Amino acid sequence: MSDTVKPLDKEQHDLIEEILSDIRSKLWVNEDLSTIEPSNIFVPEVYDVK
Amino acid sequence: MMLNKLTTLCEQSKALDSGEITAIELTLNALGLADKNSHLNMFVALDKENVIAQAKASDQRRKSGQILSDIDGVPIAIKDNYLTKDYATTACSNASPLENLAADATIVANLRSAGAIIFGKTNMDEWAFSATNESTNIGPARNPINPKHITGGSSGGSAAAVASGVVTAALGSDTGGSIRIPAAACGVYGFKPTYGRASRHGVLPLSWSLDSPGPIASSLEDLAKILPYFIGKDEKDLTTAQAKSYQISAQKKPIKLVHLAGEGLERNEEVDKIVRGFLSKTSADVEDACLPLAKNYYAAWAAITFSEASLYHKELLEQNPMGYAPVLRAKLEAGMQLSAVEVLQAQKLRSHLMTVLMNQYGDWDALVLPTLPVVAPEIGQQWVEFAEQKTDLTTAMLWLCFLGNLTGLPTVTLPVGKSDTGLPVSVMLLGRPGKDEALLSMAMELNKSIV
């Protein structure tokens, strides 16, 4: 454990904001994903229909 | 025997087998090259006595007719996020609590059992959470082609160790391109296996569902020689439960490639020209296609990476926040703030991407893109410009590679040309899931058009 824990500074807060804003602005798409299930357990092979 | 002529693992293996060289000669030569190239800052730990002892033991086995494999006596460098019983593992971080954990990752154990010489731990981005190898507690690794330039990351030390000829193979790990980015930036070869075919046991995670261990090597044939030690079931990593062991695969012809380009997959003109030039020389059928949601898929990759990394680091971050570099601490704090719904949406996009790639581009054998949209930038450079946009260095490095991780597809990178400034340009092939061997055979076939 460090002796002195500094709070996050402005630069770090700005970076957090930038990261979240960038992700959130692109996560939601104008595409119908209603039949798509999230891949929580990811097995690439199951997608291959070839 | 001129040791400096043994530039590939296959050549080293053959020379050891024929008795032209000994493991100790090979190892002393590697140690000499590591010293000579110390300015490249490739190694975070290199125990000369330990390495020499391993080489002597290998020579002894060979003398008594008890060699363990055809890589017995070959030095192989290890990224510093693989646990190794004879070296501390720090992930190049001041926050790491793992320095005294004495164990081998499964892949390290496999190589050690085969008699390979475990040759030091290589420089990397702190906890593998970047892509330039500048964010490390020992300072940046430098590109052997031009030391003013980055190696790329996060496995930068491993790529530099191969590109400078210290070793002919090294271990890397890849969550968004961390094997392929430095391999491409340094002009060597790298392979990321299908997710679930290579054991992650003992490799410090960045993002469980995206991480894949793999090799960086001096040639495609070297990758083929070392991949069997990566691929196969490991009871210590349940994601490998269905993994088949490595089987050599013959290449079918003709090869059908889909070249992905367009919005979200931009690259600079010089890189594009070299890649298209390479493709035109091959005998493959090449079709161009775009990927309409490429930028959205990148956001999905980022959401999964940031959230999984933040969960892995949660406890340590609370205990020792100052042990992390300021930028990494901010990244981990950002990951904490993503909601479950957002992460599930990212997982939906991940499924969508796989559905699109497997159904909308015909019966392809491999998808092809440049590995990097630009050549290796200079150390300290903040931005790169390509396709009329200014992009931060880390994002630029990940720009195309993340697709290999979000899909879990096997992926190989191979150098195909040089820029006007002499820096390497590489192509990345993504194979069908579980068809790692076929992908490598295909890369070898396509590579014939360069040689």
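**Entry 1. A buried pair in chain B**

I began with Asp436(B), which counts as buried at 0% relative accessibility (buried is under 20% relative accessible area, exposed over 50% and partly exposed in between, with a 1.4 Å probe and protein chains only). I note that this is a predicted model, in which local features need pLDDT of at least 70 and side-chain atom pairs count only at pLDDT 80 or more, while totals for chains, interfaces and linings use all residues. Residues are numbered from 1 along each chain as its sequence is written, chains are lettered from A and ligands numbered from 1 in the order in which they are written, and side-chain values use heavy atoms, with hydrogens and water left out.

I then asked which residue meets Asp436(B) in a salt bridge. The partner is Arg197(B), at 3.1 Å from N to O (a salt bridge is a side-chain nitrogen of Lys or Arg within 4 Å of a carboxyl oxygen of Asp or Glu). The two are 239 residues apart, with Arg197(B) in the loop between strand 5 (189-192) and strand 6 (212-217) and Asp436(B) in helix 14 (residues 436-447) of chain B. I took helices (H or I, at least four residues) and strands (E, at least two) as DSSP runs numbered from the N terminus. Arg197(B) is buried too, at 3% relative accessibility.

**Entry 2. Other salt bridges**

I found 18 salt bridges over all chains. Arg267(B) and Asp272(B) form one of them, with the closest N and O atoms 3.2 Å apart, and both residues are buried. Shared partners join Arg267(B), Asp272(B), Arg276(B) and Asp288(B) into one salt-bridge network.

In chain A I looked at Lys10(A) and Asp14(A), whose side chains meet in a salt bridge at 2.7 Å, N to O. They are separated by about one helical turn, because they lie four residues apart in helix 1 (residues 10-27) of chain A. Lys10(A) is exposed at 61% relative accessibility, and Asp14(A) is partly exposed at 38%.

**Entry 3. The A/B interface**

I counted contacts next (heavy atoms within 4.5 Å): 33 residues of chain A are in contact with 51 of chain B. The size of an interface is often given as the accessible area lost when the parts come together. Here the buried area is about 3,700 Å², and carbon and sulfur atoms give 66% of it (the accessible area, 1.4 Å probe, that two parts lose on being put together, summed over both).

How many salt bridges does the rule find across the interface of chain A and chain B? There is one, between Glu342(B) and Arg24(A) at 2.7 Å, N to O. The side of chain A that touches chain B has 19 nonpolar, six polar and eight charged residues (Ala, Val, Leu, Ile, Met, Phe, Trp, Tyr, Cys and Pro count as nonpolar, Asp, Glu, Lys and Arg as charged, and the others, Gly among them, as polar).

**Entry 4. Cores and helix 4 of chain B**

I looked up the largest nonpolar core, which has 81 residues (a set of buried Ala, Val, Leu, Ile, Met, Phe, Trp, Tyr and Cys residues joined through side-chain atoms within 4.5 Å). Ile76(B), Leu111(B), Leu257(B) and Leu429(B) touch the most other members. Leaving aside neighbours within four places in sequence, the contacts of Ile76(B) include Leu111(B), Phe119(B), Val167(B) and Ile226(B). A second, separate core of 79 residues includes Cys92(B), Tyr297(B), Leu353(B) and Val374(B).

Leu111(B) is in helix 4 (residues 106-113) of chain B, where Thr106(B), Ile107(B), Val108(B) and Arg112(B) are buried along with it. The cover over the buried residues of this helix includes helix 3 (48-63), strand 2 (75-79), strand 4 (169-174) and helix 7 (220-226) of chain B. Gly115(B) follows helix 4, with a positive phi near 90°.

**Entry 5. Two single residues**

Is Thr305(B) buried or exposed? Thr305(B) is buried, at 0% relative accessible area, and sits in helix 9 (residues 294-319) of chain B. The Thr305(B) side chain reaches the backbone oxygen of Trp301(B) at 2.8 Å. Not counting residues up to four places away in sequence, Thr305(B) touches Phe129(B), Thr175(B), Leu206(B), Ser207(B) and Leu210(B).

I placed Ile138(B) in the loop between strand 3 (117-122) and helix 5 (156-163) of chain B. Ile138(B) is partly exposed, at 30% relative accessibility. The C-alpha atoms of Ile138(B) and Cys92(B) are 6.9 Å apart, although 46 residues separate the two along the chain. Beyond four places in sequence, Ile138(B) is in contact with Asn41(B), Phe43(B), Val44(B) and Asn123(B).

Notes
A polar contact is a pair of N or O atoms within 3.5 Å; within protein, one must be able to donate a hydrogen and the other to accept it, and residues adjacent in sequence count only if both atoms are side-chain atoms.
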